Amino acid sequence: MRLKDKVALITGAGSGIGRQSALLFAREGAAVVCVDVNEQAARDTAAAIPGALAVRADVSSGADCERMVAEAEKCFGRLNVLFNNAGIMHAKDDDSVSTDESVWDLTLDVNAKGVFLGCKHGIPALRRAGGGSVINTASFVARMGAATPQIAYTASKGAVLAMTRELAV
Ligand SMILES: NC(=O)c1ccc[n+]([C@@H]2O[C@H](COP(=O)([O-])OP(=O)(O)OC[C@H]3O[C@@H](n4cnc5c(N)ncnc54)[C@H](O)[C@@H]3O)[C@@H](O)[C@H]2O)c1
């Protein structure tokens, strides 16, 4: 079991990649903190994992990110893995001419600022635990042009990739 005795926090754990990662991490022995802005979805994933904690948090809020990490440490005593997975692709995200500023702002707030805030509040907890792992979900569009116009999403994932390189250094 690759994650025996590890505590892992996963954002966007209520659906898709985040939910499947939560189930996989648990099978590998981790204690899992299932974070989602959709509280019911976080609870549904946590209910499928014995001992898992569900936390409602919006990753674009600094206060929520601080609280999700505090709740993880309060429940399990430490944090070893921080998986900044939550992300959105807005239905009205389009090319640079057609995309509303509000769509740009929301997408960058969740996808890029959300990763920054996860690290801002999660990395001190990893350090308190003596070290740990940070996983950030970008996308191939960070490296290649997308065939479907999605200017805000593409920019946000470029930011995640660049941020992750700097974090690694
Ligand atoms: N599915 C793909 O093909 C694909 C490809 C490349 C990258 N990604 C990235 O992988 C990650 C997960 O994608 P997915 O396909 O599983 O998406 P999904 O929509 O199935 O799940 C995303 C989850 O994040 C939650 N969420 C949304 N905004 C949030 C916020 N502000 N705070 C906390 N939680 C929030 C949603 O409620 C949802 O449960 C995203 O970052 C996405 O951009 C997905």
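Predicted model: local features only at pLDDT ≥ 70, side-chain atom pairs only at ≥ 80, totals over all residues.
**View 1. The shell around the ligand.** Here are the 20 residues around the ligand, of which Ser15, Ile17, Asp36, Asn85 and Tyr153 come nearest (a residue is near if one of its heavy atoms lies within 4 Å of the molecule). By class, the shell holds nine nonpolar, eight polar and three charged residues (Ala, Val, Leu, Ile, Met, Phe, Trp, Tyr, Cys and Pro count as nonpolar, Asp, Glu, Lys and Arg as charged, and the others, Gly among them, as polar).

View 2. Look for pairs of N or O atoms within 3.5 Å. The side chain of Asp36 places an N or O atom 2.6 Å from an oxygen atom of the ligand. On the backbone side, a polar atom of Val59 is 3.0 Å from a ligand nitrogen atom, and an N or O atom of Ala57 lies 3.5 Å from a nitrogen atom of the ligand. Taken alone, the ligand exposes 830 Å², and the protein buries 70% of that (areas by the Shrake-Rupley method with a 1.4 Å probe).

**View 3. The largest pocket.** This is where the ligand sits (more than half of its atoms lie within 2 Å of the grid points). A pocket is an open set of points on a 1 Å grid over the protein atoms alone, where a 1.4 Å probe fits, with protein on both sides within 12 Å along at least five of seven lines; lining residues have an atom within 4 Å of a point. About 290 Å³ of space lies in the largest pocket (the space filled by probe spheres set on the points). Of its 17 lining residues, Gly12, Asp36, Ala86, Gly87 and Ile88 are the closest to its centre. The helix α1 gives the most to this lining, with three residues (helices are DSSP runs of H or I, at least four residues, and strands runs of E, at least two).

**View 4. The second largest pocket.** Its lining includes Cys119, Arg127, Val134 and Leu167. α4 gives the most, with four residues.

Notes
Residues numbered from 1 in each chain as written. Heavy atoms only, no water. Polar contact = N/O pair within 3.5 Å; in protein donor to acceptor, adjacent residues only side chain to side chain.
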